Amino acid sequence: MTTAGRTFPLVPRHRLSGLPFGTARSTRRGRGSDLAGSRAYVPGDPISTIDWRASARLSSARGDDEFIVRERFADEAPYVVVVVDRRPSMGLYPHWSPWLAKPEAVRVATQTIVASALAARGAVGYLECADDPFWIAPRGRSPLELIRDRDRTAGFDAHANSLQRGIEYLARSASSLGAGSFVFVLSDFLDAPPRDLWLVGSARRWELVPVVIQDPVWEQSFPSVGPVVVPIVDPDDGAVLEVRLTQSEARAERERREAARSELLTVLASLGRDPVLVSRSGPDSVQRAFLEWAERRRRALWLRR
């Protein structure tokens, strides 16, 4: 299956400092659709920017020829970066299993984000949070071929703090990412990152968006099993351990995992981070998750007006 034609709108909370001639609101003045204000005409201003009605009113009041120019915010295109977590738990599950194949979900989500960035005439980059970061600087053409080449050799073996180190690397290396740049962080967040990770984006006024990729059966919850022997795989080394669970132990594990997810979403909300929630890897399901995120953002912006 393909993600061709599956895009979502990039809804910014702040005006962009991005590429000219896009479709989003900008921090700078120029050609665009949003009115920034008015000022007196100065020689050299384009005649097309003169507000003739306001000029006529002012001229009539002052008894002299006065001209008023309308200034607008330029329409710009965003910078977009896809950040992928390469810790062992992101390598679960195999594509043939009945559960969420997170590598496939990452692949489809990345394709959807890239397609959406290019549809907005933006520049898109890519960063893998591995022990040695793999970085593709934002550009106006698709990086998917380079990402596919990388996937053939890269594993899911990054260390526990690699996600935070990756965001810090991005802050140091991506000098072109100005205010309003979108940074989509793809991870299961089973080991919640420190709050400082999100503050890095806030300090730079990035649109730092967590994309939470979790299996609904084993990570968002836990099935009602027991007494039964369950094979448990250690994602760090692949070792299999058979564990006997009672019904009460399964219930306790379900409560723990549901509480952990609830706490994650609560923390993200307290930091002003509205996540994209991915529980299935199909292109339609992934696109729907991003569309729901964009609609929540639109609604929040409308309520603030």
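The legends below describe several close-up views of one predicted protein model.

**View 1**
The chain has 305 residues, and 44% of them count as buried. When contacts between residues at least 6 apart in sequence are considered, 72% of them join residues at least 24 apart. The accessible surface of the chain comes to about 16000 Å², and carbon and sulfur atoms account for 52% of that surface.

**View 1. The largest pocket and the residues at its centre.**
The largest pocket holds about 1100 Å³ of space. This pocket is lined by 37 residues, and those closest to its centre are L92, L190, W218, E219 and R257. Sorted by class, the lining has 24 nonpolar residues, 10 charged residues and three polar residues.

At least two residues of the lining of the largest pocket come from each of helix 5 (195-203), strand 8 (228-233) and helix 6 (247-270). Helix 6 gives the most to this lining, with seven residues.

**View 2. The cis peptide bond between L92 and Y93.**
The peptide bond that runs from L92 to Y93 is cis, and its omega is near -5°. Y93 lies in the loop that links strand 3 (79-85) with helix 2 (102-119).

**View 3. F189, a buried residue with a positive phi.**
Although F189 is not a glycine, its phi is positive, at about 55°. This residue is found in the loop between strand 6 (182-187) and helix 5. F189 counts as buried because its relative accessibility is 3%, and the cut-off for a buried residue is under 20%.

**View 4. R205, a partly exposed residue with a positive phi.**
R205 is not a glycine either, yet its phi is positive, at about 60°. The loop that holds R205 runs between helix 5 and strand 7 (207-213). With a relative accessibility of 43%, R205 counts as partly exposed, a class that covers values between the cut-off for buried, under 20%, and the cut-off for exposed, over 50%.

Note on methods:
Residues are numbered from 1 along each chain as its sequence is written. This is a predicted model: local features need pLDDT of at least 70, side-chain atom pairs count only at pLDDT 80 or more; totals for chains, interfaces and linings use all residues. Side-chain values use heavy atoms; hydrogens and water are left out. Buried means under 20% relative accessible area, exposed over 50%, partly exposed in between (1.4 Å probe, protein chains only). Contact means heavy atoms within 4.5 Å. Accessible areas come from the Shrake-Rupley method with a 1.4 Å probe; for residues, only the protein chains shown count as cover. On a 1 Å grid over the protein atoms alone, a cavity is a set of points where a 1.4 Å probe fits but cannot get out, and a pocket is an open set with protein on both sides within 12 Å along at least five of seven lines; lining residues have an atom within 4 Å of a point. Grid points are joined across faces, edges and corners, and a volume is the space filled by probe spheres set on the points. Helices (H or I, at least four residues) and strands (E, at least two) are DSSP runs, numbered from the N terminus. Ala, Val, Leu, Ile, Met, Phe, Trp, Tyr, Cys and Pro count as nonpolar, Asp, Glu, Lys and Arg as charged, and the others, Gly among them, as polar.
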